[in-house]
Amino acid sequence: MTHAPAPLTLAASGALGGRIGVPGDKSISHRALMFSALAVGTSRIEGLLEGEDVLATAAALRAMGATIDRHADGVWTVDGVGVGGLLQPLQALDMGNSGTSTRLLMGLVASHPITATFVGDASLSRRPMNRVIDPLAQMGADVTASPGGTLPLMVRGLCPAVPISYTLPVASAQVKSAVLLAGLNTPGITTVIEPVATRDHSERMLAGFGARLNVEHSKHGRVITLHGEAELAPQTIVVPGDPSSAAFFLVAASIVPGSDIVVGNVGLNPTRTGLITALRMMGADIVEFDRRIVGGEPVADLRVRHAPLCAIDVPHELAPSMIDEYPALFVAAAFADGRTVARGAHELRVKESDRIAAMAEALTAIGARIEEFEDGLAITGSGGDALAGGATIATRLDHRIAMSLAVAALHCRAPVTLDDAAPVATSFPAFFEMLDARGANRLGVDA
């Protein structure tokens with residue numbers, strides 16, 4: 001794949017204010033499309049995230065037989081093929097930058113009598129897939145990967161596949177979901193045991209679609225059992241706002257003096273609220289109101305006002321519930337009073353980039369004091385003062401690195417340049433426009 005970098009320079013311009021709505025939850029959007037494609041009949045999806053990652057999922061499902069349409073009112077409809085009904089794709093499935101699309105769709109293909117080749121961009125093609133390959137191979141799928149277990153790779157599904165009981169060696173909602181997706185078309189009972197709980201969108205939504213699924217707690221952790229050869233019924237799904245996207249505005253308003261914003265319709269699934277917990281521990285002023293249930297998920301509006309932040313030792317147990325939000329947390333810590341230690345996040349090394357190394361380099365470049373560990377960072381904050389800025393940041397084809405440093409730029413003395421802002425479109429296409437509207441100062445794209 002070719003990629004044209006889009007450099008962008010940002011500078012501080014005072015307090016942020018107003019109300020915003022963040023895009024639909026990315027994790028839920030992926031799953032809504034996949035489960036709808038496996039239902040018999042027409043499902044309706046409102047609030048779907050229309051970022052590049054989710055569009056890659058939609059394109060792959062179309063290639064395997066589902067009819068997926070976006071209507072003028074922004075509602076999406078999916079005419080599913082039924083569990084077991086996926087068709088042989090005629091060409092490679094291009095996953096772009098989406099690890100979620102890749103890992104979950106590998107699970108989907110693994111128990112169907114089809115063969116699919118997965119390709120992606122330079123960033124995705126460096127990400128290891130062995131943690132998904134291993135359980136799918138136990139179920140009978142034949143996976144041929146590039147050296148190191150990376151893309152391009154080919155999955156030859158087995159039908160009927162073999163039901164397994166699989167204990168997750170690392171906390172990963174993607175691996176859990178891949179095994180459950182494979183289990184949908186597998187006779188018997190597929191069991192996933194997660195010693196550390198991860199986001200549970202797959203379990204919630206599968207139950208909503210009519211799958212026979214049970215979740216119990218044991219001394220070994222959460223035990224999820226799924227009865228195979230499932231029949232899924234079409235649903236109407238309302239996707240809540242993505243807490244991972246909201247994170248950037250929660251941090252921005254917390255660090256920029258005088259800020260006062262409301263982020264509407266934020267999903268508050270308990271397995272996704274680690275960042276809010278950590279920010280509140282640091283002294284952030286975040287207030288929830290109008291709590292409600294949307295599409296089976298807890299949702300609220302969040303008002304966040306600037307407040308002095310204090311350093312903390314981030315509890316390790318928060319890691320699974322904020323794994324995608326660590327870059328934003330690192331930015332908050334860079335402006336806190338004292339030394340924040342955030343460890344227990346080994347998973348950050350194998351995201352779209354090595355997010356530990358990328359954030360250590362980027363924050364150091366704008367004037368923060370950083371100590372890097374294998375599993376996280378220690379950050380000595382500025383005590384609320386502006387950082388120096390004045391650097392060009394390597395975003396490493398990672399949307400969250402780009403957005404995190406854009407937020408940091410809002411409280412720097414000199415402008416900060418992102419070497420490539422284009423990856424932000426994978427999850428939050430309107431991010432920079434929203435920053436502009438709230439009071440940020442985007443100086444423009446460099447030639």
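**View 1. The hairpin from β20 to β21.** Two residues form the hairpin link through which strand β20 is joined to strand β21. The model is predicted; local features require pLDDT of at least 70, side-chain atom pairs count only at pLDDT 80 or more, and totals for chains, interfaces and linings use all residues. Residues are numbered from 1 along each chain as its sequence is written, and side-chain values use heavy atoms, with hydrogens and water left out. Strands (E, at least two residues) and helices (H or I, at least four) are DSSP runs numbered from the N terminus. Strand β20 (residues 369–373) runs antiparallel to β21, with five bridges between them; strands pair if DSSP finds at least two bridges between them. Leucine 377 in β21 lies opposite glutamate 372.

**View 2. Strand β21 and its pairing with β19.** Strand β19 (residues 339–342) pairs with β21 in the antiparallel sense over four bridges. Arginine 339 has threonine 380 of β21 as its bridge partner. Strand β21 (residues 376–380) is largely enclosed by the rest of the structure, because four of its five residues are buried (under 20% relative accessible area; exposed is over 50%, partly exposed in between; 1.4 Å probe, protein chains only).

**View 3. The largest nonpolar core.** A nonpolar core is a set of buried Ala, Val, Leu, Ile, Met, Phe, Trp, Tyr and Cys residues joined through side-chain atoms within 4.5 Å. The largest has 81 residues, and those touching the most other members include Leu279, Tyr326 and Phe431. Helix α7 (residues 243–255) supplies its largest share, nine residues.

**View 4. Surroundings of leucine 279.** Beyond neighbours within four places in sequence, leucine 279 has contacts (heavy atoms within 4.5 Å) with Leu250, Val251, Ala284, Ile286, Leu329 and Ala332.
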